[in-house]
Amino acid sequence: MSNFIPFTRPSFNQETIDAVSEVLRSGWVTSGPKLAEFEASLSSYFGGRPVRCFANGTATMKIALQVAGIGAGDEVITTPISWVATSNVILGVGAKPIFVDIDPRTRNIDLNKVAAAITPKTRAIMPVYLAGLPVDMDQLYALAKQHHLRVIEDAAQAFGSQWKGKKIGSFGDLVSFSFQANKNLTTVEGGCLVLNSDAEAKLAEKFRLQGLTRQGMDGMDVDVLGGKDNLTDVNAVIGLQQLKQLPAYQTRRVALARQYFDLIRAELKSTGLENLKLELPVENFIDSNWHMFQVVLPLDQLKVDRAQVMTELKDLGIGTGVHYPAITGFTLYKNQGYKASDTPIAERIGRSILTLPLFPGMADGDIGRIASGLVEILKKHCKN
Ligand SMILES: *Cc1c(COP(=O)(O)O)cnc(C)c1O
C-alpha cells in the first residue's frame with residue numbers, strides 16, 4: 001500500500017548520505033577520526049562527561065555492567081516492561097535480574113517498590129525510560145545513595161529527554177543510549193555510554209576491544225576478557241549529522257504527540273466513547289523526547305484482543321508495534337523461575353500496550369487518520 005504509515009521510520013538527509021560517501025572513499029572506514037569526533041560531540045552534548053561509543057545499545061549496557069564490576073552472584077533490579085536486551089545483558093554477565101512491577105501511569109519501574117526488592121546481593125538498579133519518559137530522577141538517585149547501589153540507566157529510548165532542565169545523561173551514574181535505527185538519534189546500529197571518569201572510560205575501551213591494554217609502541221597485553229564492540233566511522237558520521245538535526249526532530253515529535261492527545265480525545269467524544277478506558281501516555285511535553293506514542297487498550301471493555309486491533313489498523317494502512325510484552329513471560333525467563341503474575345501490572349500492560357506511529361517524517365494529516373481509525377475499530381468491538 002502506497003500510503004501505509006509504518007510505526008516508525010528513520011530520516012536521513014542528503015548531507016548524511018554525502019558524509020557516508022566521504023568516509024567510504026577516504027580509505028579509513030572502521031573506528032577512527034570520525035568516531036573520535038562523534039564521541040567528543042556527545043561529550044560536549046552531555047556537559048563534558050566522558051562518553052564512549054559501541055556497536056549497539058546491547059553491547060553498551062553489557063560494558064556498563066562490566067565497568068561497574070557486576071557479575072556472578074550479584075542482583076540487578078530492573079523492569080519487566082522493556083526490550084529483552086535489558087535483562088539479557090544482566091544474565092549475560094552472570095548476574096540475576098530482579099523484576100520490580102511498573103507504575104501503570106508512566107509504565108516505568110515503580111520506584112516505590114524498589115526498596116522491598118533490595119537484598120544483600122543487590123548491586124545496581126537498571127531503570128528504563130519507556131518511550132523516552134524518565135523516572136523521578138531525584139527519587140532514583142536518593143534510593144541508590146541510601147542503599148549504596150550503582151545505577152545503570154537504560155536510557156536507550158531517552159536521547160534528548162530531560163529532567164528538571166538537565167539532559168538525561170548529563171548527570172547521574174552510568175547512562176546507556178542506543179542508536180539503533182528506530183531510536184530518536186540513529187547511527188543505523190550503535191550506542192553510547194556516559195561515564196563518571198577517564199579511568200572508567202579507559203576500562204570501557206578495554207572491554208570494547210578484546211580486553212587489550214597498549215603499553216608503548218610494541219607492548220601488547222590482555223588482562224580482562226573483552227569483546228569486539230566498537231562503532232565504525234561510517235556509523236559515527238551518521239550520528240554527527242543526526243545530532244545536528246535532533247532539535248528539529250524533537251520539535252516535530254512534540255507537535256505530533258500533542259496532535260495525538262487532541263485528536264484521540266476529540267474522536268472518543270464525537271463517537272460517544274467517553275467511558276472507554278483507553279489509557280494515554282503521561283502528558284509531559286518537557287521531559288519526554290516522545291520516542292513513542294503508546295496507548296493501553298481497555299481489553300476488558302472489548303470483544304477482541306490486541307492482535308485483532310493491530311490487524312484491523314494494518315488493513316487501514318496503519319502500522320503499529322508492541323513495546324513490550326513482560327519479559328517474565330518469555331520461555332527463557334519462565335524456565336529460570338520468573339512468573340509474569342509476580343508483576344501483575346506489567347503483565348496487564350504488556351498484554352494491552354500498543355505503539356502508534358510517531359516519527360519526524362510523518363505527514364500532517366497522518367495523526368488524524370490514525371486517531372479516527374483507532375477509535376472506529378474500538379467502537380466496533382466495544383462490549384456495549
Ligand atoms: C533499543 C533498546 C535497547 C537495545 O539497543 P540495541 O541498540 O538494539 O542493542 C535496550 N533497551 C531498550 C529499552 C531499547 O529500546
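Biologist: In this predicted model, how far apart are the end C-alpha atoms of helix H11, residues 366-381?

Modeller: Helix H11 has 16 residues, and at 1.5 Å a residue these should span 22 Å. The expected span agrees with the distance computed between the end C-alpha atoms, which is 23 Å.

Biologist: Why is strand E8, residues 174-178, described as largely enclosed by the rest of the structure?

Modeller: In a regular strand the side chains alternate between the two faces of the sheet. In E8, Leu174, Ser176 and Ser178 point one way while Val175 and Phe177 point the other way, and all are buried. Strand E8 is therefore largely enclosed, because the buried residues number five of the five.

Biologist: What is the bridge partner of valine 175 in E9?

Modeller: Strand E8 pairs with strand E5 (residues 150-154) in the parallel sense over three bridges, and there valine 175 is the partner of glutamate 153. Four bridges join E8 to strand E9 (residues 191-194), and these two run antiparallel. In E9, the bridge partner of valine 175 is valine 194.

Biologist: How much of the ligand's accessible area does the protein cover?

Modeller: A polar side-chain atom of aspartate 154 lies 2.8 Å from a nitrogen atom of the ligand, and one of lysine 183 lies 3.1 Å from an oxygen atom of the ligand. Of the 380 Å² of accessible area that the ligand has on its own, the protein covers 93%.

Technical notes
Residues numbered from 1 in each chain as written. Predicted model: local features only at pLDDT ≥ 70, side-chain atom pairs only at ≥ 80, totals over all residues. Heavy atoms only, no water. Expected span 1.5 Å × (residues − 1). Buried < 20%, exposed > 50% of the residue type's maximum accessible area, 1.4 Å probe, protein only. Pairing = 2+ DSSP bridges. Polar contact = N/O pair within 3.5 Å; in protein donor to acceptor, adjacent residues only side chain to side chain. Areas by Shrake-Rupley, 256 points an atom, 1.4 Å probe, with all protein chains shown as cover.
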